Amino acid sequence: MLNSLHSTHYFSPDAGRELTEIGITSPRAVNFAVRTAAMGPVGAGVVTAAFYNYKHDLVARHVPGIWRTATPEDVLAARLRAVDTTLRRLLGEEAIASPEMAEAAELALRATEACSRSARPLYAAHADLPVPEQPHLALWHAATLLREHRGDGHLTALQHAELDGLEALVSHTATGKGMTPKWNFSTRGWNQEDWDAAVERLRVRGLHDGKVELTEAGVALRKDVEEATDRLDRAPYEHLGAAGVERLTELGTVFAGAALEAGAFPADLLGKE
């Protein structure tokens, strides 16, 4: 729900336009720049490690070259302008200025108070950034912190399950909740040959049927991964409390639903094929 709000700018033309203004024009370079900038002008190896499921060849094609074009500080400022424009367009000015937006921001920021930097590089980098003053940007910032906190912990769970980056994508897609192979190829740098090899590795382990479905063992493993991720990520929501989580979920569902209805994401983004 909050992750959806965070992710809107990855698919927004506003991000591409703002980054183009500072010299970063490739859609893939834009993606690496906006998500990496909080970490500073890091190299390709750091990005591949932190992102986990991107092909290193794709990362190295753009990183660290992006930092010769624009500074991380310039990228962060451009990203925030893009987020502002995107949320105003998707949600409308009435929602942006509403007391519910301010309430959601306050609740989400309170949840982040219990997040931990330990072994969470992307979260830790974003946690060092200032909180924007405007409520809709503060909510987006908090959603980013919560998203990266959970995401960093998710990588620990994936490694415990012995799923490499591409196997994680293949198995997630097979649940029907992940991106289609087409979107994984275009955004993560993999190709059909890579994908088929990962499917075969999972098939040999008894986790995949070799076509598009997980086996019972594969379903169980993905369930274990999600449960482990939940355990590693429980602190923010325990800190917020049951009533706060319920209210934040209610408010976030309304905002995320409005963004979805406004066309925030491609219609063919998710699916098994």
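**Entry 1**

I began with E18, which is buried at a relative accessible area of 14%. I take buried as under 20% relative accessible area, exposed as over 50% and partly exposed as in between, with a 1.4 Å probe and protein chains only. The model is predicted, so I note that local features need pLDDT of at least 70 and side-chain atom pairs count only at pLDDT 80 or more, while totals for chains, interfaces and linings use all residues. Residues are numbered from 1 along each chain as its sequence is written, and side-chain values use heavy atoms, with hydrogens and water left out.

I then looked up the partner of E18: its side chain meets that of R81 in a salt bridge, 2.9 Å from N to O. E18 lies in helix 2 (residues 13-21) and R81 in helix 7, so the pair ties together parts that are 63 residues apart in sequence. R81 is partly exposed, with a relative accessible area of 38%. For salt bridges I require a side-chain nitrogen of Lys or Arg within 4 Å of a carboxyl oxygen of Asp or Glu. Helices are DSSP runs (H or I, at least four residues), numbered from the N terminus.

**Entry 2: Other salt bridges**

I recorded a count of 23 salt bridges by this rule. In one of them, E213 pairs with K272, the closest N and O atoms being 2.7 Å apart. This pair links distant parts of the chain: E213 is in the loop between helix 14 (192-204) and helix 15 (216-232), and K272 is in the segment after helix 17, 59 residues apart. E213 is partly exposed at 32% relative accessible area, and K272 counts as partly exposed at 30%. I also noted one network, in which salt bridges that share partners join R150, R222, E226, D230 and D233.

**Entry 3: R35 and E148**

I located R35 in helix 3 (residues 27-36) and found this arginine buried, with a relative accessible area of 12%. What does the side chain of R35 make a polar contact with? The partner is the side chain of E148, at 3.0 Å. A polar contact is a pair of N or O atoms within 3.5 Å; within protein, one must be able to donate a hydrogen and the other to accept it, and residues adjacent in sequence count only if both atoms are side-chain atoms. E148 is buried at 1% and also meets R147 in a salt bridge (3.6 Å, N to O). R147 counts as partly exposed at 22% relative accessibility.

Setting aside residues up to four places away in sequence, I listed Y10, F51, L122, H126, R147 and E148 as touching R35. Contact here means heavy atoms within 4.5 Å.

**Entry 4: Helix 4**

Y52 follows helix 4 and has a positive phi, near 75°.

**Entry 5: Nonpolar cores**

I define a nonpolar core as a set of buried Ala, Val, Leu, Ile, Met, Phe, Trp, Tyr and Cys residues joined through side-chain atoms within 4.5 Å. In the largest, of 34 residues, L2, L91, A108, L139, L248 and F255 touch the most other members. Helix 11 gives the most to this core, with 8 residues. Beyond its neighbours within four places in sequence, L91 is in contact with I96, M101, F255, A258 and A259. Another core lies apart, with 28 residues, among them A29, A50, Y54 and W67.

Terms used. Helices (H or I, at least four residues) and strands (E, at least two) are DSSP runs, numbered from the N terminus.
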